Amino acid sequence: MSIVHRPSDETLAAFAAGRLDEGLAVVVACHVEADHECRRRLRELQAVQGALLETVEPVAMASGPSHAATAAPAEPASAAAPMSETGMPKVLRPYGFGPWRPIGIRIAMRRVEVPGADARVFMLRAGPGIALPHHKHTGFEWTTILAGAYEHEYGRYAAGDFDEADAEHDHTPRVDPVEGCTCIVAMTGSVQLQGWLGRLLQPLVRF
């Protein structure tokens with residue numbers, strides 16, 4: 001696993017401080033679990049924030065899945081930590097999953113149940129060579145690639161990579177022609193499909 005794309009410093013600092021929405025944090029945690037370099041950066045940030053916390057009054061920490069999402073990635077220290085036996089990140093174990101359901105030709109989605117999250121979290125599985133419609137967003141679309149790869153205007157994203165898009169980005173993802181792609185996505189706002197085909201399909205888009 002050779003990871004090229006990582007969260008921005010701003011995103012990782014917010015994750016380390018527990019300031020992210022739970023849904024966005026889950027997707028960041030999936031990336032951190034797979035990436036040795038990102039875990040190293042996270043430990044540095046947590047050390048700095050820990051030092052700062054010594055100067056303020058202590059407060060109670062939350063428990064449950066939210067705590068699991070931010071704590072689990074800091075445990076492993078070896079390079080390129082693998083996913084679990086089923087290919088699912090270990091950090092997802094506290095969460096429930098909906099069934100896979102088709103949303104297009106050779107494209108399927110399953111929801112990830114993240115209590116308390118404002119962001120919608122789901123896994124997406126697309127067959128080899130699939131090209132998604134050109135689209136942009138009104139909020140965030142954060143993605144961690146679990147298997148396979150895709151590419152778009154901002155680069156190629158393979159297993160373990162983190163794709164951090166917001167309302168400033170518009171793209172046309174094209175799935176790897178051999179491997180296909182499975183990823184986990186957290187999204188806020190809405191998807192806005194572009195072009196005549198996108199306008200035709202827009203009423204069908206509900207994720």
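**Notebook: cores, a buried aspartate and salt bridges**

I began at Leu92, which touches Val26, Cys30, Phe97 and Ile184 when residues up to four places away in sequence are not counted; by contact I mean heavy atoms within 4.5 Å. The model is a predicted one, in which local features need pLDDT of at least 70 and side-chain atom pairs count only at pLDDT 80 or more, while totals for chains, interfaces and linings use all residues. I number residues from 1 along each chain as its sequence is written, and side-chain values use heavy atoms, with hydrogens and water left out.

**Entry: the cores**

I next looked up the largest nonpolar core, which has 29 residues, and found that Phe15, Leu92 and Ile184 have the most contacts inside it. Such a core is a set of buried Ala, Val, Leu, Ile, Met, Phe, Trp, Tyr and Cys residues joined through side-chain atoms within 4.5 Å, where buried means under 20% relative accessible area, exposed means over 50% and partly exposed lies in between, with a 1.4 Å probe and protein chains only.

At least two residues of this core come from each of helix H1 (9–16), helix H2 (22–34), helix H3 (36–53), strand S4 (120–126), strand S6 (141–152) and strand S11 (181–187). H2 gives the most to this core, namely 8 residues. Apart from this core I noted another one of 16 residues, including Phe122, Tyr150, Val175 and Val191. Helices (H or I, at least four residues) and strands (E, at least two) are DSSP runs numbered from the N terminus.

**Entry: the whole chain**

I recorded 5 helices and 12 strands in the protein, and of its 207 residues 44% count as buried. Among contacts between residues at least 6 apart in sequence, 66% join residues at least 24 apart. The protein exposes about 10700 Å², of which carbon and sulfur atoms supply 57%; these areas come from the Shrake-Rupley method with a 1.4 Å probe, and for residues only the protein chains shown count as cover.

Which side chain of opposite charge is nearest to Asp161? I found that it is Arg6, 6.9 Å away, and that Asp161 is buried yet has no salt bridge; a salt bridge here is a side-chain nitrogen of Lys or Arg within 4 Å of a carboxyl oxygen of Asp or Glu. For charge, Lys and Arg count as positive and Asp and Glu as negative, while His and the chain ends are not counted.

Asp161 sits in the loop between strand S7 (155–158) and strand S8 (162–165). A polar atom of the Asp161 side chain lies 2.8 Å from the backbone nitrogen of His5. Leaving out residues up to four places away in sequence, I listed the residues that Asp161 touches, among them Ile3, His5, His31 and Thr144.

Beyond four places in sequence, His31 touches residues including Ile3, His5, Arg6, Cys38 and Asp161. Although Ile3 and His31 are 28 residues apart along the chain, their C-alpha atoms are separated by 9.5 Å.

**Entry: salt bridges**

I counted 6 salt bridges by this rule. Arg6 and Asp35 meet through their side chains in one of them, at 2.6 Å from N to O. This pair links distant parts of the chain, with Arg6 in the segment before H1 and Asp35 in the loop between H2 and H3, 29 residues apart. Arg6 is partly exposed at a relative accessible area of 30%, whereas Asp35 counts as buried at 3% relative accessibility.

I also noted Asp9 with Arg41, where the closest N and O atoms are 2.4 Å apart. Here too distant parts of the chain are linked, since Asp9 is in helix H1 and Arg41 in helix H3, 32 residues apart. Asp9 counts as exposed at 58% relative accessibility, and Arg41 counts as buried at 15%.

Glu44 forms a salt bridge with Arg40, with 2.5 Å between the closest N and O atoms. The two are separated by about one helical turn because they are 4 residues apart in helix H3. Glu44 is partly exposed at 44% relative accessible area, as is Arg40 at 32%.

Technical notes. Polar contact = N/O pair within 3.5 Å; in protein donor to acceptor, adjacent residues only side chain to side chain.
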